[in-house]
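Here is a short briefing to keep beside the structure as you look around. It goes topic by topic, with cut-offs given along the way.

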Amino acid sequence: LSVTVFERQMTYLKGQGYVFLRVSDLVAIQKGERTLPRRAVFLYFDDGYKDNYIYAYPVLKRLGIPATIFVVTNCLDRKQILWETVAGANGPDIFLSWDELRSMRDVFDIGTHTVTHRKLTALTVAEIRSEFVESRKRIEEMTGARVEALSFPKSRFTADAKHIAEELGFRVVLAYGRGFNHSKDYRHLQKIPIGPVDSWMSFRVKLGAHYPVLRLFGK
């Protein structure tokens with residue numbers, strides 16, 4: 001996704017009156033402290049790639065748009081390059097540093113995408129709990145941010161993972177599913193993925209009311 005395309009998308013959303021929500025906004029809505037705007041957007045980025053800092057952050061800051069980034073702590077600690085791949089001393093520098101993540105806190109809330117990004121469906125209950133607890137602890141130690149949001153790796157989860165997330169007090173959880181969210185239970189949010197293959201038309205279609213129906217036909 002080029003910077004020009006990304007900025008056009010964000011400018012369009014602002015121009016159409018969409019309201020961009022932070023994690024704290026979703027928590028406030030859950031508690032009944034504020035109402036859900038008619039055109040609400042929860043903008044997020046998974047994994048913690050450095051290009052979020054280089055390209056997305058300046059655009060969002062300039063436009064005054066908040067977002068949430070879900071990071072894999074082993075990748076920021078340079079223990080992994082990609083999922084389940086151990087990092088070497090001369091590995092590519094493709095993930096954020098902790099300094100870069102801290103510098104983006106005026107725009108980005110920070111959530112966890114676990115320690116290792118392993119599929120939760122392949123882990124034991126103890127391993128799932130460790131992924132959630134240790135990643136949250138590491139992020140809070142390194143940034144000072146309170147971590148209330150979780151994004152399941154590869155959007156996959158088990159009943160145990162969902163239960164553990166609730167037990168640990170995560171108020172916002174990105175799970176599996178494509179479409180819009182009408183419930184105030186933000187512990188199982190559906191998503192609308194936008195990526196480099198999306199044309200301007202497909203971007204507009206994904207914002208429309210018929211997108212969940214089109215998904216049924218593989219669109």
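Val 133 counts as partly exposed because its relative accessibility is 32%, where buried means under 20% relative accessible area, exposed over 50% and partly exposed in between (1.4 Å probe, protein chains only). Val 133 lies in helix H6 (residues 125–143); helices here are DSSP runs of H or I with at least four residues, strands are E runs of at least two, and both are numbered from the N terminus. This is a predicted model, in which local features need pLDDT of at least 70 and side-chain atom pairs count only at pLDDT 80 or more, while totals for chains, interfaces and linings use all residues. Residues are numbered from 1 along each chain as its sequence is written, and side-chain values use heavy atoms, with hydrogens and water left out.

**H6 and H7**

- Helix H7 (residues 159–167) packs with H6 at an angle of about 40°, and the axes are 10 Å apart; axes are lines fitted to C-alpha atoms, for helices over the stretch in contact, and angles run from 0 to 180 degrees between N-to-C directions.
- That angle makes H6 oblique to H7, given that under 35 degrees counts as roughly parallel, over 145 as roughly antiparallel, 65 to 115 as roughly perpendicular and the rest as oblique.
- The crossing of H6 and H7 is right-handed, meaning that the near helix is turned clockwise from the far one by less than a right angle.
- On the H6 side, Val 125, Ile 128, Arg 129 and Phe 132 meet Asp 160, Ala 161, Ile 164, Ala 165 and Glu 167 of H7, where contact means heavy atoms within 4.5 Å.
- This contact of H6 with H7 has 6 nonpolar, no polar and 3 charged residues; Ala, Val, Leu, Ile, Met, Phe, Trp, Tyr, Cys and Pro count as nonpolar, Asp, Glu, Lys and Arg as charged, and the others, Gly among them, as polar.

**H1 and H3**

- The axes of helix H1 (residues 3–15) and helix H3 (residues 51–63) come within 10 Å and cross at roughly 30°, so H1 and H3 are roughly parallel to each other.
- H1 contributes Val 3, Phe 6, Glu 7, Met 10, Thr 11 and Lys 14 to the contact, and H3 contributes Tyr 55, Ala 56, Val 59, Leu 60, Arg 62 and Leu 63.
- By class, those residues are 8 nonpolar, 1 polar and 3 charged.

**Tyr 57**

- Tyr 57 is found in H3 and counts as buried because its relative accessibility is 11%.
- A polar contact of 2.8 Å joins the side chains of Tyr 57 and Asp 106; such a contact is a pair of N or O atoms within 3.5 Å, and within protein one must be able to donate a hydrogen and the other to accept it, with residues adjacent in sequence counting only if both atoms are side-chain atoms.

**Gln 80**

- Gln 80 sits in the loop between helix H4 (73–76) and helix H5 (98–103), and at 7% relative accessibility Gln 80 counts as buried.
- A polar atom of the Gln 80 side chain lies 3.2 Å from the backbone oxygen of Thr 116.

**Whole protein**

- The protein has 9 helices and 8 strands, and 43% of its 219 residues count as buried.
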